[in-house]
Amino acid sequence: MQKWTRQNCPQKALVDAAEDALEYAYSPYSHFQVGAALLDDHGVIWSGCNIENAAFSPGTCAERTALYKAVSEGVRSFQAIAIVGRQEGEQTLTASFTTPCGVCRQVLSEFCAKKMPVYVANGADDVVEYTLNELLPHSFGPEDLS
C-alpha cells in the first residue's frame, strides 16, 4: 500500500474521473454514491457509477459498470482503477476510503493483473494505492479451472 495527497498522486486524472462519475450514480435506496474510473492499456478511461434497483440484487457497482462498459467494447487489458464514494447530497467524498466490494474484486481479477493498482481517495484529498492482489489475495481465476 502506498499513500499520497491527491495533488501528487500519479493517477490524479483517474481519481478525478472517478469523482466525475459520481454525478451519474443512481442510489435512491442506500443514498451512497460510488464512482469508478478504469484505465485501459490504450490510455482510455472507462467510467462507471453504482446503479441500484428496488429488488437490490439486480443493482451493480461502479467498478463493474466501468469494467463491463470496456469489456463490451472489446477491451480486455487494464492498467489501473480509481474508486471514490460520497453520501448523496454531499459535495465532498467520504472521510473513509471506498474500496471495491468482494464481488467487484473477483470480477476485476478476471480481466486485471494481480499487480494492477487500485486507487481510492477520501474527502481529505488522501489517495491510497493497493494492488488488486492486496485486496483479493486468494482470487479464483481461469487458472483454477484446469
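**Entry 1, overall form.** I began with the radius of gyration: a compact globule with 146 residues would come out near 15 Å, and the protein has 14 Å, which agrees. I note at once that I am working from a predicted model. Along the principal axes, I find that the C-alpha trace spans about 50 × 40 × 25 Å.

**Entry 2, inventory of elements.** I looked up the secondary structure next and found 4 helices and 6 strands in the protein.

What order do the strands of the open sheet take? I traced the order as S1-S6-S5-S4-S2-S3, an open sheet of 6 strands in which the pairing is mixed. Its edges are formed by S1 and by strand S3 (45–49), each of which pairs on one side only. Ignoring direction, I find neighbouring strands of this sheet turned by 20° against each other on average.

**Entry 4, the pairing of S1 with S6.** I then followed strand S1 (residues 2–5) along strand S6 (residues 126–131), and the two pair in the antiparallel sense over 4 bridges. Within this pair I located Gln 2 opposite Glu 129 in S6, and Thr 5 opposite Asp 126 in S6.

**Entry 5, the pairing of S5 with S6.** Strand S5 (residues 117–121) runs antiparallel to S6, and I find 5 bridges joining them. Tyr 119 has Glu 129 of S6 as its bridge partner, and Glu 129 is also the residue that I had found opposite Gln 2. S5 and S6 form a hairpin with 4 residues between them, and in the turn I noted Asp 125, whose phi is positive at about 65°.

At what angle do helix H2 and helix H3 pack? For H2 (residues 62–72) and H3 (residues 102–111) I have an angle of about 25°, with the axes 10 Å apart. Because angles under 35 degrees count as roughly parallel, I record H2 as roughly parallel to H3. The crossing of these two helices, H2 and H3, is left-handed.

Sorted by class, the contact of H2 with H3 has 8 nonpolar and 2 charged residues, and no polar ones.

Note on methods:
Residues numbered from 1 in each chain as written. Predicted model: local features only at pLDDT ≥ 70, side-chain atom pairs only at ≥ 80, totals over all residues. Heavy atoms only, no water. Axes fitted to C-alpha atoms, helices over the stretch in contact; angles between N-to-C directions. Parallel < 35°, antiparallel > 145°, perpendicular 65-115°, else oblique. Left-handed = near helix turned anticlockwise from the far one by under 90°. Nonpolar A, V, L, I, M, F, W, Y, C, P; charged D, E, K, R; others polar. Pairing = 2+ DSSP bridges. Rg over C-alpha atoms; globule rule 2.2 N^0.38 Å.
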